[in-house]
Amino acid sequence: MNDMTPIQTTLKDWESDQEVRWCPGCGDYAILKAVQRTLPEIGADPANTVFVSGIGCSSRFPYYVESYGFHTIHGRAPAFATGIKLANPELDIWLVTGDGDGMSIGGNHTMHLLRRNLNCQIMLFNNEIYGLTKGQYSPTSREGTSSPSTPMGSVDHPALPCAFALGSGARFVARGFDVSKELTGVLKTAHAHRGAAFVEIFQNCIVYNKDRFEDFAAPKGAEANQLWLKDGEPMLFGSEKSGGVKGITLDMATLSLKVVDVVDGDWQAAGVIVHNVKNKAVAHMLVEMPFGPFPMALGVIFDDPRPTYEDAVHGQDAKAREGRVADLGKLLAKGQTWTVSGTAADPI
Amino acid sequence: MATLLADNEPTATTGTPTPEAVVVRFAGDSGDGMQLTGGQFTLSTALAGNDLATFPDFPAEIRAPQGTLFGVSAFQINFGSTAIETAGDAPDVLVAMNPAALKTNVQALKPGGLIIADSGEFTKRNLEKAKYEVNPLEDGSLAKWDLLAFDISALTLESVKPFGLGNKEALRCKNMWTLGLALWMFDRDRAPLVEWLKDKFRKNPVLADANIAALNAGHAYGETAELAGPLKKLHLDPVESAPGLYRTVTGAEAVSLGLVAGAQLAELPMFFGGYPITPASAILHNLVKLKEFGVTTFQAEDEIAAICSAIGASYAGQLGVTSSSGPGIALKGEAMGLAIMTELPLVIVNSQRGGPSTGLPTKTEQSDLYQAVYGRNGDAPLPVIAARSPADAFDCAIEACRIAVQFMTPVILLTDGYIANAAEPWAVPDPASYKPFPVEFLGENNNPEGGKVLPYKRDAQGVRPWIKPGTPGLMHRIGGIEKAPDTGDLDYSPAVHQLQTDARKSKIDGVAKAIPAQGVELGNTTGKLAVVGWGSTYGPIIQAVRRARAKGQDVSHIHVRHIWPMPENLGDLLRGFDKVLVPEMNTGQFKTVLRDQFLIDAKPLNKTSGQPYTIAEIEAAIDEMLA
């Protein structure tokens with residue numbers, strides 16, 4: 001987020017004149033609309049907003065937003081964002097990356113941006129596949145993913161972007177998915193967080209990984225399959241219609257999460273946990289919670305701000321500059337010097 | 001200078017007549033503080049008004065095992081009462097702090113030269129480590145040199161006894177004892193050293209006092225030794241220099257100062273993204289102390305992030321700078337391509353070292369010229385500038401900044417390990433003597449009639465406008481994909497790629513019109529032989545050409561700063577010579593570029609030993625070319 005005067009805009013103001021070139025039906029369209037809906041709601045100023053991306057389908061995003069945009073190189077968007085933000089902290093930076101861009105080739109930069117806590121929003125579109133290179137498995141692909149580079153199924157264990165983010169020291173971690181109505185709300189909260197705000201967005205690649213997230217994202221069964229986390233509210237999901245209201249509780253014997261039935265709405269009796277966005281230990285458990293035995297944890301999982309990197313850098317720079325004058329002539333003549341007059345040298 | 005020394009023959013040790021230049025090499029264990037000793041001796045030399053050049057030569061290991069041959073660290077200085085251009089071919093005096101230092105350095109010593117050795121370190125164990133079967137101080141094997149061996153260790157311990165230091169700490173004062181002796185030998189004032197020690201150890205006055213006592217004891221020892229042996233006191237008159245204010249400067253310092261000056265002349269804040277690498281880290285260390293000049297430094301997570309952050313800062317309206325050495329520059333290649341494609345200013349400093357791969361981290365080489373000129377995917381031209389000496393690096397850094405902002409392009413500045421570490425006297429320039437080149441950002445729509453801003457609308461020189469994000473009404477998108485002219489919209493149609501490739505090339509070619517014509521350093525503008533150099537070979541080449549001309553040979557020295565694009569007159573200039581010789585510390589890279597550009601029969605002279613050229617090596621090549 002950025003400290004700024006709110007500007008009146010509409011969704012239309014955020015549409016660039018470029019033809020969108022994603023495949024028809026791609027989840028990226030829905031994310032683009034969600035962002036273009038979010039920006040007017042937060043009062044963002046197009047002149048002060050910069051979308052920075054790496055390489056991949058998701059990274060074409062900046063071309064379609066009527067703001068400043070920098071489509072950089074594979075995996076390195078966090079490094080460009082760091083330079084931009086340090087050079088001009090007034091700019092509001094949205095970083096767009098994917099599971100290949102941000103977790104594979106750029107995993108290193110993602111980690112360092114998060115640990116430094118650069119004030120920006122990071123949207124990682126996770127479609128669990130390499131789309132733009134035609135369908136190879138990615139670092140988030142599930143084991144056994146059959147792809148042109150893994151015809152017998154992938155054998156390596158997938159990375160969990162939110163767990164990676166928390167492990168890297170991120171102070172804001174959230175999850176959503178492309179067509180979700182809640183995505184705008186998640187993005188608004190991410191923007192309101194001062195510091196690096198990491199949002200994993202599950203995104204449907206209709207060509208190479210079609211309906212990969214249908215198991216939890218499909219409207220049918222959504223109630224039972226999605227746990228939308230709200231700060232201060234119990235972790236409840238499901239309904240009488242879907243086979244009963246359930247909740248998440250902490251099994252004290254194993255110190256792990258478990259699903260409990262909630263009878264007659266008495267979640268307290270069932271021991272259901274109240275979501276506290278500042279609880280990092282529970283956040284770790286929520287991001288690791290496997291879908292199937294558990295619902296998919298969505299929404300704002302962790303939100304606990306600390307001072308930002310650019311504030312620390314500029315604070316220290318200001319201190320270093322205190323009482324010092326930038327006199328180039330004096331700087332050049334610094335140290336032990338001597339003057340030559342005629343042929344004799346006189347130390348001074 | 002070494003030329004005249006050779007002509008005069010008498011050396012520091014034989015006394016009369018007084019030579020015009022002397023070469024001294026300090027060699028010891030990497031933990032002995034030889035670089036510090038050399039640095040302080042350099043300062044005292046500069047303060048005495050002598051011209052000088054230095055060559056620090058140290059191992060890649062921080063503290064190599066004590067007493068080993070590979071752990072030897074050396075510092076050579078050439079100084080005199082005439083102009084000095086190189087660190088000297090062969091030392092007149094070798095100070096050897098242990099057997100390993102003697103073994104690895106004595107063969108370089110001039111016949112009749114003086115060895116000063118710390119006999120206290122020539123123990124059985126140290127002799128074994130240096131692979132000496134018998135003590136060379138005693139077996140007559142050093143007969144062709146003058147030898148002065150005495151127990152510096154014991155003398156040092158004696159001199160610092162009153163301060164109650166532990167044995168290890170006390171022995172650390174050995175380098176100051178040795179420096180004291182050297183100061184006596186060359187008739188130097190100890191006062192600046194005493195001041196420096198007091199300041200260095202201001203938090204520990206006992207150490208300051210002990211070091212001063214060692215310095216004084218070494219100095220006093222000279223008086224005594226003079227009576228007994230080959231040691232003679234020698235006074236070299238100050239060199240005749242243009243009047244003005246002088247200081248010593250290393251290449252790394254000069255680059256840092258030049259970048260700061262360049263940013264000031266461009267009226268921009270500077271953003272420096274770096275990652276630690278030898279021998280380039282010193283630039284980061286220097287700039288971090290200059291924040292009041294609008295400098296922001298960022299130690300990135302890797303070389304790639306270092307350059308990408310700098311490009312990000314340039315995009316946001318600052319002067320982005322990054323610096324590294326060969327292996328790091330290799331990692332930055334893709335990002336350089338993006339800066340070329342998006343046409344953003346950027347300065348990339350490469351302090352070259354021996355390669356490939358990790359190669360020789362602490363030794364010098366000029367083998368990254370191909371990498372600088374050609375080393376990127378696609379047709380990716382960018383200007384390349386090479387500094388010839390530590391002091392020259394200041395002007396080159398300013399020039400790199402100027403070209404970067406005036407042509408909206410990344411620029412590579414080549415220095416090398418030798419330039420980065422070596423020191424030389426520098427006539428402190430007046431900042432007012434440099435013409436400012438203030439940057440103008442696009443402030444309003446450059447396409448008022450058409451509506452949409454045109455970020456890739458080129459001016460007469462083919463340069464696009466610089467637009468800072470945050471500027472109202474100028475929102476636009478840039479990236480690494482091929483783009484339409486003017487609008488910058490994605491467009492990779494055949495005709496557009498042809499047009500934009502040509503436009504990027506012609507813009508960089510046009511830099512040739514904005515740089516000075518190539519001159520001749522020494523000699524005529526036509527003749528039998530041109531010795532063409534670039535970078536740090538300047539010193540040995542100019543001296544070799546001077547000697548050759550003194551012998552009556554028809555030879556000129558041309559030294560090229562602008563490696564790419566080259567000065568417009570360079571081809572014609574070279575064609576005015578019957579032969580062209582290109583000495584380089586690589587296998588012939590600039591020679592190949594010259595042949596390619598001008599279809600001339602440039603002959604290579606190559607050296608890749610990690611050591612700078614000696615004058616004699618180039619002189620011999622000149623003789624051969626003219627034979």
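This is a predicted model: local features need pLDDT of at least 70, side-chain atom pairs count only at pLDDT 80 or more; totals for chains, interfaces and linings use all residues.
In strand β10 of chain B, the residue B:Thr322 is the bridge partner of B:Gly273. Residues are numbered from 1 along each chain as its sequence is written, while chains are lettered from A and ligands numbered from 1 in the order in which they are written.

**Around β10 of chain B**

A quick word on terms: helices (H or I, at least four residues) and strands (E, at least two) are DSSP runs, numbered from the N terminus. Two strands pair if DSSP finds at least two bridges between them.

Strand β10(B) covers residues 319-324, and six of its six residues are buried.

To get from β10(B) to β11(B), the chain goes through helix α13(B), residues 326-342, in a right-handed β-α-β crossover. Right-handed means that, with the strands pointing away from the viewer, the path from the first strand over the helix to the second runs clockwise.

**Two open sheets**

Strands of a sheet pair through backbone hydrogen bonds, either parallel or antiparallel. Chain B has an open sheet of six strands in the order β2-β3-β1-β4-β5-β6, with mixed pairing. Because β2(B) (51-57) and β6(B) (146-150) stand at the edges with a single partner strand each, one side of each is left without a neighbour in the sheet. Neighbouring strands of this sheet are turned by 15 degrees against each other on average, direction ignored. (Axes are lines fitted to C-alpha atoms, for helices over the stretch in contact, and angles run from 0 to 180 degrees between N-to-C directions.)

Within this sheet, B:Leu52 stands opposite B:Phe79 in β3(B). Helix α2(B), residues 34-47, lies across β1(B), β2(B) and β3(B), at about 10 degrees to β3(B).

Chain A has an open sheet of three strands, β8-β9-β10, with antiparallel pairing. Its edge strands are β8(A) (236-237) and β10(A) (256-261), each pairing on one side only. In β9(A), A:Gly247 is the bridge partner of A:Leu236.

Here are some strand pairs from both chains:

| Strand pair | Sense | Bridges |
|---|---|---|
| β2(B) and β3(B) | antiparallel | seven bridges |
| β8(A) and β9(A) | antiparallel | two bridges |
| β2(A) and β15(B) | parallel | three bridges |

**Where the chains meet**

The contact takes 54 residues from chain A and 61 residues from chain B, where two residues are in contact if their C-beta atoms, placed from the backbone, lie within 7 Å. On the side of chain A that touches chain B, α2(A) gives the largest share, eight residues. By class, that side has 28 nonpolar, 20 polar and six charged residues. Ala, Val, Leu, Ile, Met, Phe, Trp, Tyr, Cys and Pro count as nonpolar, Asp, Glu, Lys and Arg as charged, and the others, Gly among them, as polar.

Strands pair across the two chains too: in β15(B), B:Gly479 is the bridge partner of A:His71. The buried residues of α4(A) include A:His109 and A:Leu113, and the buried residues of this helix pack against elements including α2(A), α11(A) and α12(B). Just after α4(A), A:Asn117 takes a positive phi of about 70 degrees.

**A helix face and the whole of chain A**

In α6(A), residues 183-192, the buried residues are A:Leu183, A:Val186, A:Leu187, A:Ala190 and A:His191. Seen down the helix axis, they fall within an arc of 135 degrees, so they line one face of α6(A); the arc is that of the directions from the helix axis to the C-beta atoms. They pack against α1(A), β4(A), β5(A), β6(A) and β11(A).

Chain A has twelve helices and 13 strands, and buried residues make up 50% of its 348 residues.

Notes
A residue is buried if 20 or more other C-beta atoms lie within 10 Å of its own, exposed if 12 or fewer, and partly exposed in between; C-beta atoms are placed from the backbone.
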